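Here are my notes on the strand pairing, as you asked. Have the model open while you go through them.

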Amino acid sequence: MAFSLKLKGFNYVAYYNRAYENADSLHALVNTGANATALDLEYGINVSNSTVYADTTYTDGLTALASTIKEASSDGLSVMVRPLIDFLNTALNYSVGDWRSYYNPANASAFFASYKTMIVNEATVAQANGAASLCIGTELDQLTGPAYLADWTDIISAVRGVFTGKLTYSADWNDNLSPWQGQHGLAAGTGNLATQVSFWNQLDYVGIDCYAPLSDAANPTLAQLVAGWTQVPTDPALLAVTSNQSLISYFESIATATGKPLLFTELGYESATDAASQPS
């Protein structure tokens, strides 16, 4: 079984204000043979008023984003703009570093209104500076089901109004298990990655943030790691996601069900002895 990867690259994240100005790893990234990069700014979640905001400490500026898009493009990289939203301060029942998929806004209308403003601003910068694609959201799958379709349709329409490149969304790889359920009053989703993101048909790619376990071996061989993708898994949790398919066949089935090409927007294994079994 052979696969051809069209886009090969890295997320290039600005985790703090002036990160892009103070450090530059783009040339080193190019030297790995990459042909693509995703540029990520870090926005905060204000739990008290259910809004997304640019944090003075953690959010780099749109001017820096613009110049970094141009720099990456000049290095021959296909650029995706991909904002992240996170809990940057402890508030109410949320702590710094809590997973964004656990967020349950008290005022969904306020949240989506502020999110729309943020993403349209980013889309405008992406268009003006030559970005090839835009990711409209990351790991907010608890808020992407059919109940929120109208909100996302409005956002996508507004983004399409200012950006002519390709659009995607970064979904949790294991949506079939609704990993957010029970957190902050959140209910289970549709139980199907192809339908939990209710607006796939309005996008150009199915984006997946994939942290699937590949092997429980203490020091897995290359063959074992390949088997983690190509063979039916023995791990019960992973098997529950793939429905008795191999991991790669499962993802192919999502692409088929949605009629969209698949793009891994995150795929990572840290330098640790348990990376293959607990990549996230």
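1. For the terms: strands are DSSP runs of E with at least two residues, numbered from the N terminus, and two of them pair if DSSP finds at least two bridges between them.

2. Before you go further, a word on provenance: this is a predicted model, where local features need pLDDT of at least 70, side-chain atom pairs count only at pLDDT 80 or more, and totals for chains, interfaces and linings use all residues. Residues are numbered from 1 along each chain as its sequence is written, and side-chain values use heavy atoms, with hydrogens and water left out.

3. Strand 2 also runs parallel to strand 5 (residues 84-86), joined by 3 bridges. Here Glu42 is the residue facing Leu84.

4. Then there's strand 1, residues 9-14, which pairs with strand 2 in the parallel sense over 6 bridges. Look for Asn11 opposite Ala38.

5. Strand 3 (residues 51-53) runs antiparallel to strand 2, with 3 bridges. Gly44 stands opposite Tyr53. The two strands make a hairpin with 4 residues between them, and Ser50 in the turn has a positive phi of about 60°.

6. How many residues of strand 2 are buried? For strand 2 (residues 36-46), 10 of 11 are, where buried means under 20% relative accessible area (1.4 Å probe, protein chains only).

Terms used:
Buried < 20%, exposed > 50% of the residue type's maximum accessible area, 1.4 Å probe, protein only.
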